[in-house]
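Please look over the sequence and the model before turning to the points below.

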Amino acid sequence: MAGTVDGQALPDGIFSLLDTDLYKLTMQCAILKYLPDVHVTYSFTNRTPNMRLNRAAFQWLQEQISKLANISVTREELDYLKKTCTFFNDAYLRFLTSFRLQPSDQIRVAFTPLKDTGSADDVGDVHMDVGGRWLDTILYEIPLLALTSEAYFKFCDRDWTYKNQESRAYDKGCKLLEHGCVFSEFGSRRRRDYHTQDLVIQGLVRAAADAGGHGWKGKLSGTSNVHFAMRYGIPPVGTVAHEWFMGIASITNDYEHANETALRYWTGCFGEGVLGIALTDTFGTPTFLKAFKRTMPTPANSVKEDSKTLIPGAASPPLPPMDGDRYKGSAEERSYAQIFQGVRQDSGNPIEYVKMMRDFYDSEGIKEKKTIVFSDSLNIELCVEYIHAAEKAGFAPTFGIGTFLTNDFQHESDGQKSAPLNIVIKLSSANGRPAIKISDNIGKNTGDSETVGKVKKTLGYTEKQWVPGDERSRWGGAEAEATRSVVQQK
């Protein structure tokens with residue numbers, strides 16, 4: 001089934017630089033300001049290794065990657081960013097006018113078949129590495145993941161159709177809204193393809209339009225995908241990713257102060273209360289909370305602050321913006337926990353997380369109602385469970401829902417689950433040092449294992465495992481892997 005935009009047939013692959021998550025752009029903005037010359041690498045991992053691409057899929061993927069060089073931000077897109085994303089400074093918007101991806105210089109991709117017969121149907125492993133300046137390569141992650149998923153379902157698992165995708169998204173949206181859930185669509189990276197995400201957002205927008213007539217208290221708060229936010233007139237949603245904390249820790253080689261340094265430079269770029277949802281689990285939430293309670297420097301006292309939270313060689317100091325409302329000018333010293341609107345839960349046990357955050361805010365004497373954004377492999381049942389737990393604890397819960405919306409299919413032949421790929425691209429080094437993530441669940445550790453071990457020891461990290469968060473079994477992947485493994489080895 002061919003997708004269309006404004007009546008025109010969709011080209012294959014990616015055709016807009018804004019077809020990405022907002023937080024990739026916000027981080028690129030901060031990198032331009034502070035760390036424009038840092039060199040990084042990224043690595044690709046397929047967490048469903050028995051769901052492999054075939055040679056035809058790989059060749060299509062190669063072709064689409066090369067086409068990324070042809071994309072640039074349009075005048076209409078720049079005007080949209082200037083009007084809608086007012087936190088972007090003029091220097092960043094000027095930078096975007098001439099920004100281009102250069103995949104031939106920045107991406108290495110290879111295919112290793114299990115049995116090489118030369119056939120287009122040969123299945124094998126894809127190897128993908130990205131390298132270059134952080135500023136120039138940060139936008140690759142989302143399109144590369146989306147293209148890899150599209151390649152798999154275009155050439156490997158083809159036993160599906162778009163039938164009822166819009167109506168299914170509408171039904172899901174209605175159920176979430178009826179239960180009072182405030183939620184955003186977060187499904188770009190593992191979507192089945194562009195047209196699927198387009199249908200899903202159509203369904204969600206229709207559900208949101210009907211919600212008022214039913215008196216439902218829920219709300220569609222937007223989408224993380226900037227292109228679709230622009231296309232459908234809904235808010236682009238997002239703040240920061242693990243990558244920001246991982247990169248700063250790697251650059252400074254100081255994991256004890258990395259969280260605070262990352263927070264300091266983030267608020268220095270965007271100001272107080274702007275993009276103010278803090279991601280807590282990069283090196284474990286307990287470690288993060290030690291930094292979160294620290295006092296945020298102001299322009300008056302920042303020169304006196306401990307140099308341990310300054311990045312050597314940064315292009316400018318992390319001073320809060322002085323324009324408009326982005327610097328509040330309060331004489332009272334306040335912590336990052338006070339300034340940030342809330343936190344995002346992305347690993348570990350969400351119910352335990354709610355309790356941990358309630359205990360933390362209470363111990364800090366913070367009475368203001370804070371937000372918790374849940375974003376870890378959600379479905380309707382989990383959202384309903386977490387909304388009750390969070391509201392009971394005095395939080396305003398919101399939800400970022402991804403794969404459950406944009407890659408939820410059944411096989412046409414037997415009605416069984418057509419499981420999505422579980423693939424990731426993570427920052428693997430910065431300025432020559434390994435970049436790692438620990439998280440609140442051992443199953444989401446990423447990066448050099450020796451560095452992971454050293455950092456855990458340095459931080460006094462307590463190992464945690466949450467069985468429902470097992471990456472290998474998400475979205476029905478375990479069953480699909482087992483079946484695919486038998487088929488591929490015949």
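The model is predicted. The chain has 490 residues, of which 59% count as buried. Its secondary structure comes to 19 helices and 16 strands.

**The chain as a whole**

- Among contacts between residues at least 6 apart in sequence, 81% join residues at least 24 apart.
- The count of cavities of 30 Å³ or more comes to three.

**Helix H11 and its surroundings**

- Helix H11 covers residues 242-252, and helix H12 covers residues 258-270.
- H11 is largely enclosed by the rest of the structure, because 11 of its 11 residues are buried.
- Two packed helices are described by the angle between their axes and the distance between the axes.
- For H11 and H12, the axes come within 9 Å and cross at roughly 115 degrees.
- The crossing of H11 with H12 is right-handed.
- On the H11 side, the contact is made by Trp 244, Phe 245, Ile 248 and Ala 249. These residues meet Ala 258, Asn 259, Thr 261, Ala 262, Tyr 265 and Trp 266 in H12.
- By class, the residues of this contact divide into eight nonpolar, two polar and no charged.
- An α-helix has 3.6 residues a turn, so residues three or four places apart point the same way.

- Rolling a probe the size of a water molecule over the atoms shows where empty space is left.
- The largest cavity has a volume of about 60 Å³.
- The lining of the largest cavity consists of Ile 14, Ser 16, Leu 17, Asp 19, Thr 20, Leu 68, Ile 71, Leu 101, Leu 139 and Pro 143. This lining has seven nonpolar, two polar and one charged residues.
- The second largest cavity has a volume of about 40 Å³.
- Val 240, Trp 244, Phe 245, Ala 262, Leu 263, Trp 266, Leu 275, Ile 277, Ala 278, Leu 279 and Phe 340 line the second largest cavity. Two or more residues of this lining come from each of H11, H12 and strand S9 (277-279).
- The lining of the second largest cavity has 11 nonpolar, no polar and no charged residues.

**Residues with positive phi**

- Most residues other than glycine have a negative phi, and most peptide bonds are trans.
- Asn 253 has a positive phi, near 55 degrees. Asn 253 follows H11 and lies in the loop between H11 and H12.
- Asn 164 also has a positive phi, near 70 degrees. Asn 164 is found in the loop between H7 and H8.
- Asn 164 is partly exposed, because its relative accessible area is 46%.

**Buried residues and their contacts**

The contacts below leave aside neighbours within four places in sequence.

- Gln 165 belongs to helix H8 (residues 165-178). Gln 165 counts as buried because its relative accessibility is 3%, under the 20% limit.
- Gln 165 is in contact with Thr 196, Leu 199, Val 200, Leu 405, Asp 408 and Phe 409.
- Thr 148 belongs to helix H7 (residues 141-155). With 1% relative accessibility, Thr 148 counts as buried.
- Thr 148 is in contact with Phe 44, Leu 53, Leu 61, Met 128, Leu 421 and Ile 423.
- Ile 438 lies in the loop between strand S16 (433-434) and helix H18 (449-459). Although placed in a loop, Ile 438 is buried, with a relative accessible area of 0%.
- Ile 438 is in contact with Asp 281, Thr 282, Phe 283, Lys 444, Asn 445, Val 455, Lys 456 and Tyr 461.
- Val 455, one of these contacts of Ile 438, is 17 residues from Ile 438 along the chain, and the C-alpha atoms of the two are separated by 8.8 Å.

Terms used
Residues are numbered from 1 along each chain as its sequence is written. This is a predicted model: local features need pLDDT of at least 70, side-chain atom pairs count only at pLDDT 80 or more; totals for chains, interfaces and linings use all residues. Side-chain values use heavy atoms; hydrogens and water are left out. Axes are lines fitted to C-alpha atoms, for helices over the stretch in contact, and angles run from 0 to 180 degrees between N-to-C directions. A crossing is left-handed if the near helix is turned anticlockwise from the far one by less than a right angle, and right-handed if clockwise. Contact means heavy atoms within 4.5 Å. Ala, Val, Leu, Ile, Met, Phe, Trp, Tyr, Cys and Pro count as nonpolar, Asp, Glu, Lys and Arg as charged, and the others, Gly among them, as polar. Buried means under 20% relative accessible area, exposed over 50%, partly exposed in between (1.4 Å probe, protein chains only). On a 1 Å grid over the protein atoms alone, a cavity is a set of points where a 1.4 Å probe fits but cannot get out, and a pocket is an open set with protein on both sides within 12 Å along at least five of seven lines; lining residues have an atom within 4 Å of a point. Grid points are joined across faces, edges and corners, and a volume is the space filled by probe spheres set on the points.
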